[in-house]
Amino acid sequence: MSKVKKVTPSQIRAGKADFPLIGMPLGGQPVISPTKKKSPIFDFPKKFTDDDLRERLTSQQYNVTQKSGTEKAGTGEFYKHKGKGSYLCVVCHEDLFASATKYDSGSGWPSFYDVQSKDSIKLMADTSMMVPRTEVICSQCGAHLGHVFNDGPKETGKRYCINSSSLCFRGEDK
Ligand SMILES: [Zn+2]
């Protein structure tokens with residue numbers, strides 16, 4: 001006779017259940033959800049209401065960061081932008097890229113060969129197109145930023161291909 005194990009809610013909250021906890025949010029832990037295109041789903045520390053975002057962002061910024069849109073190549077305000085400073089997430093102002101790592105990839109989008117900190121972004125598998133890509137999102141608010149490719153310059157070999165619409169710029173004071 002097989003014994004059915006009972007798991008109490010407190011055991012589940014403590015992560016002690018001995019079966020996969022699908023779609024169950026655990027504080028700060030990634031949640032695997034097989035029904036969603038994107039997984040794991042992260043619980044982002046900075047949260048904004050949809051009304052707030054629609055008020056603060058242009059429709060293009062909203063579409064790119066919240067709907068994983070892509071701005072038309074060569075049209076973004078930061079594509080040919082030069083200047084010393086930092087590129088921040090347009091939604092939550094997390095410091096993402098330093099101007100020193102920006103280079104002209106010829107792609108039509110701002111390109112960087114490194115991030116300020118590995119903690120400021122998260123990478124997700126993006127299978128929305130024929131060729132699988134790696135999506136780059138803001139680690140703090142989950143804003144879609146762009147994609148990363150392995151054809152970057154020799155410093156890192158990475159090319160972070162980022163929408164201008166996901167960024168704002170903070171110049172160096174001096
Ligand atoms: Zn952000």
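Because the model is predicted, local features are reported at a pLDDT of at least 70 and side-chain atom pairs count only at pLDDT 80 or more, while totals for chains, interfaces and linings use all residues. Residues are numbered from 1 along each chain as its sequence is written. Helices (H or I, at least four residues) and strands (E, at least two) are DSSP runs, numbered from the N terminus.

**Confidence**

- The chain has an average pLDDT of 84, and 76% of the residues score at least 70; pLDDT is the predictor's confidence in each residue, from 0 to 100.
- Over residues 15–39 the pLDDT stays under 50, and the model has 28 contacts beyond four places in sequence for this stretch; two residues are in contact if their C-beta atoms, placed from the backbone, lie within 7 Å.

**Helix 3 and the residue after it**

- Helix 3 spans residues 59–67, and Gln61, Val64 and Thr65 are buried in it; a residue is buried if 20 or more other C-beta atoms lie within 10 Å of its own, exposed if 12 or fewer, and partly exposed in between, with C-beta atoms placed from the backbone.
- Seen down the axis of helix 3, these buried residues fall within an arc of 85 degrees, so they line one face of the helix; the arc is that of the directions from the helix axis to the C-beta atoms.
- An α-helix has 3.6 residues a turn, so residues three or four places apart point the same way.
- The buried residues of helix 3 pack against strand 7 (144–149), whereas the face turned away from the buried side carries the exposed residues Ser59 and Lys67.
- Helix 3 is followed by Ser68, which lies in the loop between helix 3 and strand 1 and has a phi near 55 degrees, a positive value in a residue other than glycine.
- Most residues other than glycine have a negative phi.
- Ser68 counts as partly exposed because it has 19 C-beta neighbours inside 10 Å.

- An open sheet of three strands has the order 2-1-9, with antiparallel pairing; two strands pair if DSSP finds at least two bridges between them.
- Its edge strands are strand 2 and strand 9 (167–171), each of which pairs on one side only.
- Neighbouring strands of this sheet are turned by 35 degrees against each other on average, direction ignored; the axes are lines fitted to C-alpha atoms, for helices over the stretch in contact, and angles run from 0 to 180 degrees between N-to-C directions.
- Strand 1 (residues 85–89) and strand 2 (residues 95–98) run antiparallel and are joined by three bridges, while strand 1 and strand 9 pair in the antiparallel sense over five bridges.
- Ser86 has Ala98 as its bridge partner in strand 2 and stands opposite Arg170 in strand 9, and Tyr87 stands opposite Phe97 in strand 2.
- The hairpin of strand 1 and strand 2 has five residues between the strands, and there His93 takes a positive phi near 65 degrees.
- His93 is partly exposed, because 15 other C-beta atoms lie within 10 Å.

- Six strands form an open sheet in the order 3-4-8-7-6-5, and the pairing is antiparallel.
- Strand 3 (102–103) and strand 5 (121–126) stand at the edges, each with a single partner strand, so one side of each is left without a neighbour in the sheet.
- Strand 4 (residues 111–112) and strand 8 (residues 159–162) run antiparallel and are joined by two bridges, with Ser111 standing opposite Cys161 in strand 8.

**Thr101**

- Thr101 lies in the loop between strand 2 and strand 3, and it counts as partly exposed because it has 19 C-beta neighbours inside 10 Å.
- Not counting residues up to four places away in sequence, Thr101 touches Phe112, Tyr113 and Asp114.
- Thr101 and Ser111 are ten residues apart in sequence, and their C-alpha atoms are 8.3 Å apart in space.
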